[in-house]
Amino acid sequence: MSELDYVGKRILRKDGPDKITGRAKYTMDMRLPGMLVGRILRSPCPHARILNIDTSRAEKLPGVKAVITANDTLGIKHAFVETPRYPPDQYALAANRVRYVGEEVAAVAAIDPYVAEEALHLIQVDYEEMPAVFDPIEAMRQDAPEIHPTHPKVKEPFKNIGGKTYSGWGDVETGFAQSDYMREDRFESHLRTHGYLETQVALASFEPAGKLNIWTSSQGPFIKREKLARTLGLPLSAVRVQMAYVGGAFGGKVDLYAHEFCAALLSMKAGLPVKIAATREEVFAAYRHGQPLIVEIKTGVKKDGTLLAQQIRVINNCGAYRGTGVVVIFLAWGFVMLPYRLPNLKYEGYAVYTNNPPRTAQRGHGAPQLRFALDSQLDMIAEELGMDPVEIRLKNARQPGEQLPNGDNVHNCGLVECIERAAEHTGFREKHLQNRSVGTTLDPLRRGIGIAVSSYHSGSLIYPNSSSAVVKMNDDGTLTLMTGAMDIGQGAETILSQIVAEEVQVPVDKIEVIAADTETTPVDIGSWISGNTYVTGNAAREAASVVRKKLLDLAAEELEASPEDLVLDNMRVYVAGSPGRALKYRDLFTASIRKRRGDPIIGEGHWRTMQDVPFHPSLATTKGRWSENYAFDAQVAEVEVNTETGMVRLVRAVTAHDCGFPINPLLVEGQIDGQISMALGHAFLEEVIMKDGRTLNPSWLDYHMPCIHNMAVSESIDVITETYDVGRSYRTKEVGEGLVSAILAAIANAIFNAIGVRLYSTPFTPEKILRGLGRIK
Amino acid sequence: MHLPRFTYKKSDSLEETAQLLSRYDTGACLMAGGTELLPRMKYGLAMPEVLISMKRSPVSSPKIGSDGDLVLSPLMTLRAVEGSSLVRENAPLLSEAVGLVGSGEIRHMGTLGGNLCQETRCLYYNQSHSFQFKKPCFKRGGDICYSIPKGKECWAVFMGDIAPALYSLEAKVKIMSRDKTRIIPIEGLYRGDGKKPLILSPHEIIGEIFIPGSNGLRGSAFSKFSFRGGLEFAVLSVAAVLDMEDDGETCRSARITVGAVAAAPVRARCAEAGIEGKNISDRSLSEAVRQALDEIRPVPHHGQTSGFLKESLKVQIRHALSVAAGRVKKD
Ligand SMILES: Cc1cc2nc3c(=O)[nH]c(=O)nc-3n(C[C@@H](O)[C@@H](O)[C@H](O)COP(=O)(O)OP(=O)(O)OC[C@H]3O[C@@H](n4cnc5c(N)ncnc54)[C@H](O)[C@@H]3O)c2cc1C
Ligand code: SF4
């Protein structure tokens, strides 16, 4: 690697000062003159026909400026996935039928929240209740109430199938026949919310000339614009989506939500700006959380631990509409394919409609659930075979350059090194043996250690498929970067600035970023599917190299030297060895205007993951390429189990990760610590408790997100597999999602190591521990 | 979420508050720290027309009364109680319990009186009912229970941490209204009814809290079981006091109170009687735990099963008793 000045450095976040001084303005803080308050009326029934909606009394209430129901809409359906196989299945406001408690039925805009609230009470909705079903297994039965017709392509006699993914390779029957040992297990995961601190909020302002301006707390403006324009019947160019600071998202703010649609439509109707902010309670009880999966696995191995065959069935309780339910059952296949070599697979995934609120992406998007199941079972197999957990993982871990069954390649995969270094760093093998022999002491506290691995894609093909960026020089030699990418707290603007800084040699604090505005910034994949650093980063790098090249050409002319001999350094150019005779960028800017027909030195760049692959893979069959860039990691958990209370504490978490190379080590560590704390909540504390489609704990008090004193010590080891060179594209890998996954199975394995209790479902509650120990019958 | 509309009145003394309460009749409500009342108002569970705020009212400091009782104002913030050395010396159990309430923020605002007078809690109740559980349950004036559907009454649980400690300290409270003042044992404050947990009429308030001094060797412990270990109500709590004979080994009298298992704190009276007169030993403590489990049946609440609560009760009582016993020896 050449000597780098900005990339690879621990540079502080650009948004840091605004945020820690409280100056940062979020969408929630925004106000416009004449702004109205919007509120949404939600269904109290899990499943019902809407017989009539009478809004007349609400409309007459003084202070109410607009009331809308499905009748005021164009009746255009939308969905996260919209393909011929999976056509959109949801109206922005329920028409004729509601399918979950909390579904949006009407909305009002009024002069203040009190009037808005009162207006909701005055709307009379007549429902005719219909039978409802909440459990996916029950919903699949033929006698279950029908929420939507089963997808026509599904041949099995199941009901309420919203989507199905069927995939595999090799021949599992042969694989099982050759196996020395086989086992079948079933794992279940539970419902968690993202925990973004800024609740969902949108502010819409429709101008009489026909332009809709909307600010919304999201993960990327372009997908929102597309869905808003279509459901509202506006030309794409008439909708401008902008951002303010985003108070967290974690996958929860990708889809189009009814509050965004309603704010827009109410503003169109009332002729004034309308803001709708969800309460925390609404977020808990009516918005989209992650996806609880049932994972059934049958695995066959050789005596030496080599995986031979797996048959896997994933059932996703996807709620009343598809949401990202069909994406999870597709991705789940990928999380099986990735970290371990597997010659034979038969995979089935079902997204099952139930009368629960729909679900969405959540950091890791299925990886934590899948890795929990797969890496727990792998430990159980190792136990049976008398193998060490590290050995069985090394035996099956993918090696650099391996081709995946779908045609992708793992390239410079560092998984083996991750496993070895994590094990070595923690003294895994000795501790693992030692903990087991403690057995009969009287001390109620037992220690355990466990390991697991995961892998995650860094950018995949999905709308919009590409990112582009513009870098323009300003008169004073500073730069402005225009990108559609959205900084949702992960540090996107800092990372992109570092890359531009490195290419053009302008310090990070001299780079202004204009971001995520559908009108003024180029299209971007958005801050999801973990493609920011790789896809947007390369686009920004290309844009910056154009600027670099223009500067070098011009300077070569001015200094009468060849471009190769020139050095760019802190907004100056000079011939190598003569820094005394340097040209300032601001002078080159003027020179460019003068000599290059007014060119103010602007560079444009674009990038697309898998540039030569035209389409995204099939959600139904997984056929087609998925990603060209996979990150890998191994995580070790050390736990302390109190055998009297059943409480488990994560004492230490060690993450060895192959992220290519860290563009900003500080941010990589931040992502790791954040994911460990999120996984810790997932493992022990957090659960959205639901009964018959209704949420029992819709508050921070009763939903137990970890506090700072619950945090575990988190350590990380960088396994470097890539380099960054100025002027060359790079393949660095994601660190924002994959590292929330392996640690779950590592914790489950550590609990087994401590007390010999195997947990088949998350969260790992004291009750499950005590039941496992036989303390509760 | 917004507060419903109300009229705001300021009061500078408990006497003035008592006056105001009777003037406004049932439409008024006293607000001390507001940490319990305001969330309920936001949920629409309380809608007083008049809020009588005592936030700025002067608060008398803890003192030892002529009969040796520790006397506390209900207006003391929990932080003030926690920080008082007089309380720590005379009622360490109270200091311990107070220090485990909610979080630093809640203890800064919340008061002793508000803590004792908090409502019972239930997941089906502590939320707004705009689209979930709209049909009122018993506690909201209806005739169903979501939590225990076969039940004919409300099973909401009293989850305050301080009352169990005061039970075990045999505290008394002064109840005052405009015209009347009476002093009752703390246990008389609670009706044991999830729907209406307190005996107070809308005109009555708590005026003072009295904690009798201990005359002899004592060990006490408060054990609060929660998942997050902060910013959380107790899954269950145990307040144990062991008063010892001068030999330091024989238990003269024991008080074991369990919180968050019913609509009021519950004394484990058989277990207490079982240890009294006995030497404190592994055996006598285990026997006490066994007896307590026989007499206390935790109501399943907040997603916990009764099987788990029983097992946890066993562990927590045992823990509280052992710690209390250990503390006797230290004195
Ligand atoms: C996030 C959170 C966590 C919490 N955790 C805990 C916990 O772990 N343990 C716990 O015990 N509590 C907990 N609480 C409840 C907390 O509100 C109380 O602990 C606090 O002490 C209440 O005091 P306050 O002064 O704020 O009460 P207020 O809200 O002012 O009043 C509560 C009720 O008491 C009445 N009242 C107040 N003073 C008197 C008086 N002198 N006489 C008669 N009636 C009176 C009021 O009219 C009102 O009905 C928690 C609350 C929150 C919001
Ligand atoms: S226990 Fe009480 S508050 Fe809870 S649902 Fe039943 S009646 Fe309502």
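Trainee: How many residue pairs are in polar contact across the interface of chain A and chain B?

Mentor: Twelve residue pairs are found there, with both residues at pLDDT 80 or more. They are called polar contacts because an N or O atom of one lies within 3.5 Å of an N or O atom of the other; within protein, one must be able to donate a hydrogen and the other to accept it, and residues adjacent in sequence count only through two side-chain atoms. The model is predicted, with local features needing pLDDT of at least 70 and side-chain atom pairs 80 or more, whereas totals for chains, interfaces and linings use all residues. Residues are numbered from 1 along each chain as written, chains are lettered from A and ligands numbered from 1 in written order, and side-chain values use heavy atoms without hydrogens and water.

Trainee: How many salt bridges does the rule find across the interface of chain A and chain B?

Mentor: The rule finds zero salt bridges there. The term requires a side-chain nitrogen of Lys or Arg within 4 Å of a carboxyl oxygen of Asp or Glu.

Trainee: What area do chain A and chain B bury between them?

Mentor: The two chains bury about 3000 Å², 62% of it on carbon and sulfur atoms. It is called buried area because it is the accessible area (1.4 Å probe) that two parts lose on being put together, summed over both. A:Tyr114, A:Glu281 and A:Leu696 supply 19% of the area that chain A buries against chain B, more than any other three residues. The contact (heavy atoms within 4.5 Å) takes 41 residues from chain A and 32 residues from chain B.

Trainee: Where does ligand 1 lie, and which residues are the closest to ligand 1?

Mentor: Ligand 1 lies between chains A and B. Of the 31 residues that surround ligand 1, the closest are B:Leu30, B:Gly33, B:Gly34, B:Thr35 and B:Thr111. A residue is counted as near if one of its heavy atoms lies within 4 Å.

Trainee: How many residues of each class are in the shell around ligand 2?

Mentor: That shell has ten nonpolar, one polar and one charged residues. Among them are B:Cys122, B:Cys137, B:Cys145 and B:Cys154, along with B:Lys139 and B:Ser147.

Trainee: Which peptide bond is cis, and what phi has A:Asn160?

Mentor: The bond from A:Thr762 to A:Pro763 is cis, with omega near -10 degrees. A:Asn160 has a positive phi of about 55 degrees, although it is not a glycine. Most residues other than glycine have a negative phi, and most peptide bonds are trans.

Key: Ala, Val, Leu, Ile, Met, Phe, Trp, Tyr, Cys and Pro count as nonpolar, Asp, Glu, Lys and Arg as charged, and the others, Gly among them, as polar.
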